[in-house]
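Trainee: I would like to learn how to read the contacts in a model of two chains. Please start with the terms and then go to the case.

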Amino acid sequence: MSQASTHAETLPKMGVNWIGLYTIVRREVQRMMRVPIQAFIAPWISALLFIFIFGSVVGGRISTIGGHRYLEFVLPGILMMNVINAAFLQSSSAIYFSRFIRFVEEMLVAPLSYFEMVVGSLSTVVLRASITGIGILLMGLGFGASTIESWPLFIFWVVSVSTIFGLAGIIIGLWSKSFEQLNMPVVFFLTPLSMIGGSFFTASMLPSWLQWLAWINPFFYFINGIRGAMIGVDETPPGLGIGLTLLLILVLGGTVWRLYARGYGLRE
Amino acid sequence: MPAPALKIRNLRKVYRRGNVAVDDLSLTIEEGDFFGFLGPNGAGKSTTIHCVTGIATPTSGSIEVFGIDAVKQYREARRLVGLCPQEFNVDPFANARQIVDWAGGYFGLNAAQRKSRVDYLMERFELTPHLKKSFRELSGGLKRRVVLARALVHDPRLIILDEPTAGVDVELRRVLWRYLTDINSQDRRTILLTSHYLEEVERLCRDIAIVANGKIVREGSKDEIAGGPGGLEQAYLVATGAEGDHVAG
């Protein structure tokens, strides 16, 4: 016994529990890789259909927008829609499943801080969203439509938007008491807001009395942000989208922090 | 004088709907003790354990693990505790090795430490032939072994076992008894055991507390409590107020 033992007292004093944090990521990646069709194949097939139908079939009959082919115009929106979905589904399902089966208790009884739990969860979110996004970017390349005007901005938008929806997914995962509740935000918010958020059109294409709908929709800024990073076309005032994104990260991050500190949905 | 392994003072836990699960419970367990925590279903045993380990948030009172505040310095306190819960709170699609390895990772063990510890525990609990099977494919007894191995992976100083032998066969019960006796006597690990099997408690524990309706109703050494006429069972029935029901029934 003693030869194989590793006494808790001999472990380093508690700073950041890097091994614990890495274990959260490792575990979530292994869980994610158990469902590759759900995690990656489904969004890629969906994106491929969007690219083919809207970009090639319909887009062939539409004139250029801002000097770009319609396919080039819609690709960033398709990419962002899938990044958002991947991020939200990853964190919401991970937290809900771990609560439902109660193996979240494995982390609650361990020397892990709330910060480590949240960062561990978000790291996997960003990883899944990035892999999804890169796959769609490569598909776009196959259709001759992938361009990147600014890599730093492209990375900023993928990472920051997936963080936002990762945080939102954690909140919903903590709140949900059934799979029905878990799926509600996708049906009632994520899909409609990304559809009317300018993925397939510019705000100026909307009737003037409806344009406000685009401007109050945060998805409009995310989609325009990544479109600006990819093809240089961004309808929103410079800096507004980035400011809004950072603000949302702060607000949602603070909310998640408070919920973890209270043990909401986690502790009895 | 060394700090007790577990010191609970005036612990109270009230759930949201006003259900008082633990009511002003105080308890001290000295280092190296093998402590039996008895009581009927719903008496507050598991809730007390959940408050100690962080699964539940105490409403009031204090909990110290080896002198460390388990609420304010929860990370430091949790390194010293290993919990084998009553229910299987395990990812059913993960295999035995992953489950124990991940738990080691959460407790900060590096890859080499985890490998050594996981190999040792898998062998000790005769899980080696089942390493690659997913948890849901294992029998009830094997599942219990995996959860035990997970609780012990970081070699905790205080081991909390919430009905660890419920529903397991005689063979595992004996393997577990032998193991617990060894780590208690040789490695001076403190063990808190809840069980409905009184003969198990009588065989293993040195001190006993009986809890009913969220309060400690009897506490003392095993010899003291079980030494009277009728033994531990009689003492238990009297303390929990079940004797009258038992006779009447």
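Mentor: A polar contact is a pair of N or O atoms within 3.5 Å; within protein, one must be able to donate a hydrogen and the other to accept it, and residues adjacent in sequence count only if both atoms are side-chain atoms. By that rule, 18 residue pairs, both at pLDDT 80 or more, are in polar contact across the interface of chain A and chain B. This is a predicted model, in which local features need pLDDT of at least 70 and side-chain atom pairs count only at pLDDT 80 or more, while totals for chains, interfaces and linings use all residues. Residues are numbered from 1 along each chain as its sequence is written, chains are lettered from A and ligands numbered from 1 in the order in which they are written, and side-chain values use heavy atoms, with hydrogens and water left out.

Trainee: Which elements give two or more residues to the side of chain A that touches chain B?

Mentor: Elements here are DSSP runs numbered from the N terminus: helices (H or I, at least four residues) and strands (E, at least two). On the side of chain A that touches chain B, they are helix H1 (18-33), H4 and H5 of chain A. H1(A) supplies the largest share, seven residues. That side divides into 20 nonpolar, nine polar and eleven charged residues, where Ala, Val, Leu, Ile, Met, Phe, Trp, Tyr, Cys and Pro count as nonpolar, Asp, Glu, Lys and Arg as charged, and the others, Gly among them, as polar.

Trainee: How many residues of each chain are in contact, and how much area do the chains bury?

Mentor: The size of an interface is often given as the accessible area lost when the parts come together. Buried area is that loss (1.4 Å probe), summed over both parts. Chain A and chain B bury about 4,100 Å² between them, with 53% of it on carbon and sulfur atoms. Contact means heavy atoms within 4.5 Å, and 40 residues of chain A are in contact with 46 residues of chain B.

Trainee: How many salt bridges are there between chain A and chain B?

Mentor: A salt bridge is a side-chain nitrogen of Lys or Arg within 4 Å of a carboxyl oxygen of Asp or Glu. The count between chain A and chain B is five, and over all chains 21 are found. B:Arg75 and A:Glu116 form a salt bridge through their side chains, 2.8 Å from N to O. A:Arg102, A:Glu105, A:Glu268 and B:Glu87 are linked in a network of salt bridges. Within it, A:Glu105 pairs with A:Arg102 in a salt bridge, the closest N and O atoms being 2.8 Å apart.

Trainee: Is A:Glu105 buried or exposed?

Mentor: Relative accessible area sets the class: buried means under 20%, exposed over 50%, partly exposed in between (1.4 Å probe, protein chains only). A:Glu105 has 7%, so this residue is buried, while A:Arg102, at 26%, is partly exposed.

Trainee: Which distant parts of chain B does the pair B:Asp23 and B:Lys215 link?

Mentor: B:Asp23 forms a salt bridge with B:Lys215, with 3.2 Å between the closest N and O atoms. B:Asp23 is in strand E2 and B:Lys215 in strand E10 (residues 215-221) of chain B, 192 residues apart. In another salt bridge, the side chains of B:Arg124 and B:Asp182 meet at 3.1 Å, N to O. B:Arg124 belongs to helix H4 (residues 111-124) of chain B and B:Asp182 to helix H6 of chain B, so this pair ties together parts 58 residues apart in sequence.

Trainee: Which residues have the most contacts inside the largest nonpolar core?

Mentor: A nonpolar core is a set of buried Ala, Val, Leu, Ile, Met, Phe, Trp, Tyr and Cys residues joined through side-chain atoms within 4.5 Å. The largest has 73 residues, and those with the most contacts inside it are A:Leu79, A:Met80, A:Phe165 and A:Tyr260. H3(A) gives the most to this core, with 15 residues. Leaving aside neighbours within four places in sequence, A:Met80 is in contact with A:Trp157, A:Val161, A:Phe222, A:Ile223 and A:Ile226. Another core lies apart from it, of 51 residues, among them B:Ala96, B:Tyr120, B:Val146 and B:Ala226.

Trainee: Where is A:Thr236 found?

Mentor: A:Thr236 is in the loop between H9 and H10 of chain A. At 7% relative accessibility, A:Thr236 counts as buried. Its side chain makes a polar contact with the side chain of A:Asp234, at 2.7 Å.

Key. Buried area = accessible area lost by both parts, 1.4 Å probe.
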